[in-house]
Amino acid sequence: MSRLIFKTTDLTKKYKESTALDHINMSVYEGDIYGVIGKNGSGKTTLMRIMTGLTFPTSGEYDFSKKDIKVGAVIESPAVYPELSAFENLSYAAIQKNVTGKTVVAQTLEFVGLEKTYKKKVRDFSLGMRQRLSIGLAIINDPDVLILDEPINGLDPAGIIEMRKMIHRINQELKTTVIISSHILSELSMVATRYGIIQDGKLIKEFSNSELEEQLTCTYILAVSDKEATLKLIEEECIDILSLENNKITFRTDNETLLTFCEMLSDRKISIYQLQHVRKELEDIFLEIVGGDHHVSVN
């Protein structure tokens with residue numbers, strides 16, 4: 001496993017009448033694209049604000065792997081100078097972050113796809129261009145960790161695709177660990193390598209992309225001649241039932257167990273009317289874990 005680059009221990013943030021974060025224990029490893037998932041108001045932004053020093057925890061600890069680690073961030077609205085060009089914004093950021101080198105600003109402009117904006121003022125940029133500039137400002141000093149809070153909010157489909165590609169490039173080409181939150185789970189599943197689900201201020205589950213893939217690909221819908229006997233057999237075999245609807249049983253298991261289970265049904269003269277393999281999505285897993293109403297999107 002890669003080296004631990006960031007962790008929290010019982011991280012808690014309380015306000016007068018509410019608890020935004022409740023004893024969060026989170027681990028991020030070097031090279032991760034770590035997706036933070038949660039309903040609106042679950043505590044995602046509070047967690048990221050603590051990571052970047054914009055607010056402080058009430059109790060608990062958070063630690064990066066080394067004292068001189070460089071962290072870049074885009075939290076909430078893009079922070080730019082609207083009356084200046086992209087080049088001028090990046091030049092000022094380079095000075096503030098003690099970045100030297102005559103070509104670093106031009107290289108960053110090219111990396112975020114703004115090399116042809118020339119003297120155009122940022123006030124005249126589209127939302128997508130502003131967002132790319134914000135990321136340019138965050139990565140100009142080649143950070144070890146990049147924190148992005150809802151980076152695709154408000155972007156059109158083309159802008160979302162560009163942002164997805166850029167996040168991959170930052171992670172792969174710049175070797176930057178990325179921590180990203182998004183309520184558009186279909187997009188998050190295309191970039192993240194590990195996930196953490198936050199509900200009501202608590203981190204209730206962490207899992208890797210490979211663990212997610214296992215859950216996505218091992219779900220089946222079954223219809224049989226004797227539902228009660230089948231349910232009893234499922235219970236005996238400790239197979240994970242996800243839902244019961246009319247005559248259909250939705251369950252999760254591995255291929256080997258499935259084959260054995262079908263043989264058992266045959267031995268008991270239980271006829272299989274339907275056995276359908278279901279490809280689930282990240283949103284389905286999220287809803288299974290947190291349940292109830294939600295404010296996430298698949299588009």
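How many salt bridges does the structure hold? I looked this up and found 10 salt bridges, a salt bridge being a side-chain nitrogen of Lys or Arg within 4 Å of a carboxyl oxygen of Asp or Glu.

Before going on, I noted that this is a predicted model, where local features need pLDDT of at least 70, side-chain atom pairs count only at pLDDT 80 or more, and totals for chains, interfaces and linings use all residues. Residues are numbered from 1 along each chain as its sequence is written, and side-chain values use heavy atoms, with hydrogens and water left out.

**Arg3 and Glu30.** I found these two joined by a salt bridge, with their closest N and O atoms 2.7 Å apart. The pair links distant parts of the chain, 27 residues apart: Arg3 sits in the segment before strand 1 (4-14), and Glu30 in the loop between strand 3 (27-29) and strand 4 (33-38). Helices (H or I, at least four residues) and strands (E, at least two) are DSSP runs, numbered from the N terminus.

**Glu162 and Arg132.** Here I saw a salt bridge of 3.6 Å, N to O. Arg132 is buried at 14% relative accessible area, while Glu162 is partly exposed at 40%. Buried means under 20% relative accessible area, exposed over 50%, and partly exposed in between (1.4 Å probe, protein chains only).

**Helix 1.** I ended with residues 44-51, where six of the eight residues are buried, among them Leu47 and Ile50. Gly53 follows helix 1, with a positive phi near 80 degrees.
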